[in-house]
Amino acid sequence: MDNNNNNNSMLEQTLQDGKLVRLLNCLIVAHLRHNNLTQGLAAENNHVLGGISSFGLDSSVAGTALYASVSDPCTTVVDFSAVHDTKGASKFFPKHETRHISEHKNVATCARFSPDGKFVATGSADMSIKLFEVAKIKQSMQPDSREGSSRPVIRTFYDHLQPINDLDFHPQNNVLISGAKDHTIRFFDFSKTVAKRAFKVIQDTHNVRSVSFHPSGDFILAGTDHPIPHLYDVNTFHCYVSANVLESNANGAINQVRYSSTGGMYVTASKDGSIKLWDGVTASCVRSIGGAHGTAEATSANFTKDQRFVLSCGKDSSVKLWEIGTGKLVKQYVGATHTQWRCQAVFNDTEEFVLCVDEQSNEIVIWDALTTEKVARWPSNHNGKPRWLDHSPTEAAFISCGIDRSIRFWKETV
């Protein structure tokens, strides 16, 4: 494959071909070990993960192929290719009901749904992780549900020594990872009902602000106080950092890192206000959007499902949609104040709407993704500022976390 002769659209088309996912993984390994990378920041491998079989994976199954079989009744209906000349009335965002489902002993800092939408996990400054089964949450919200008859919290993990910053689920297996201020990434097996602590630990050299599994489950990205993402091989726990960064004077700690749906790219949002796009094969920075949120921190960045756009959020109280091919700003969603906390903006499951928090008014704000019009502002029902949102990838439901320590689940009213 001659990467030099492929333009961006051809690369994206190739990466979206499920038959080449396994080839992509092989290329990642080859490039990481032999080309244009420096190995450093070595993990203290007291507990080396003994190959993919430690997770019980069938190494012949590619992540994207497996998740193609996951039932997803909601398909993407937004044509982002027409994003430049969108006209017409905004869509109606359906009413949702909400329920307080649990709380931590300190600020609830982050939340993450599993890829199949069956689980959601929350992390806290109290150093604990709560794992919920979504079906049990919805059962507890039924009008005829008796108090305490359904307990949605199915696991609670305690192992970190400092506040938890981010979470992610393994693409195929019952494994949850967490990144924390104690410089570690910890692995939790939630198939075991009595497990309270991590079964494996990666010791990084910096505060781990964000974590993201590669769709194959073979690699983990860590965004840290270091300005370059740390890429870990799950087989060996070796850490790799790119030797090819567009801005050699990069000085921003990474607030969030996320893989695209195929792993062909990843994106970082940094404290210096920049958004950077990275090649998932060579780990090279291929585009840097400096000052994406002015002089304010960029707090989150997430790909659209078609990998052609990135949705970012910043402490300048703006949410922005960027075209990957050109690096141009194509949409801006305004009217929600978020200047204090590290929060994220997310699409709903169909990518028709964008959601974010408003710290000042203590509300959840929803925009039409194409027209950028605000279509809803709802009280967050948190006793204090809402801190974090994450939306289910498979249905009309989302979760919110607050500085009041509480966790609330929201689902469309039937």
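The structure considered here is a predicted model, in which local features need pLDDT of at least 70 and side-chain atom pairs count only at pLDDT 80 or more, while totals for chains, interfaces and linings use all residues. Residues are numbered from 1 along each chain as its sequence is written, and side-chain values use heavy atoms, with hydrogens and water left out.

Charged side chains come next. Side chains of opposite charge can pair when their charged atoms come close. A salt bridge is a side-chain nitrogen of Lys or Arg within 4 Å of a carboxyl oxygen of Asp or Glu, and a search of the whole structure finds 13 of them. One of these joins Arg186 to Asp159, with the closest N and O atoms 3.3 Å apart. Arg186 belongs to strand 9 (residues 184–189), and the two partners are 27 residues apart. Arg186 is buried as well, at 11% relative accessibility. Through shared partners, salt bridges join Asp159, Asp182, Arg186 and Arg197 into one network.

Another salt bridge forms between Asp166 and Arg258, whose closest N and O atoms are 3.0 Å apart. Asp166 lies in strand 7 and Arg258 in strand 15 (residues 254–259), so this pair ties together parts that are 92 residues apart in sequence. Asp166 is buried at 2% relative accessibility, and Arg258 is buried at 5%.

Arg377 and Glu363 also meet in a salt bridge, at 2.8 Å from N to O. Arg377 is in strand 26 (residues 374–379) and Glu363 in strand 25 (residues 363–368), 14 residues apart. Here Arg377 is partly exposed at 32%, whereas Glu363 is buried at 17%.

The cysteines may be considered next. A disulfide requires a pair of cysteine sulfur atoms within 2.5 Å, and the count of disulfides is zero. Cys313 is in no disulfide, and the nearest cysteine sulfur, that of Cys343, is 3.8 Å away. Cys313 is buried, with a relative accessible area of 0%.

On a 1 Å grid over the protein atoms alone, a cavity is a set of points where a 1.4 Å probe fits but cannot get out, and lining residues have an atom within 4 Å of a point. Grid points are joined across faces, edges and corners, and a volume is the space filled by probe spheres set on the points. There is one cavity of 30 Å³ or more, and the largest cavity holds about 40 Å³ of space. Its lining consists of Val267, Ile275, Leu277, Ile289, Val310, Trp322, Glu323 and Ile324. Strand 17 (275–279) and strand 21 (318–323) each supply at least two residues of that lining.

Key. 1 Å grid on protein atoms, 1.4 Å probe; cavity = no way out; pocket = protein on both sides within 12 Å on 5 of 7 lines; lining within 4 Å. Helix = DSSP H or I, 4+ residues; strand = E, 2+ residues; numbered from the N terminus. Buried < 20%, exposed > 50% of the residue type's maximum accessible area, 1.4 Å probe, protein only.
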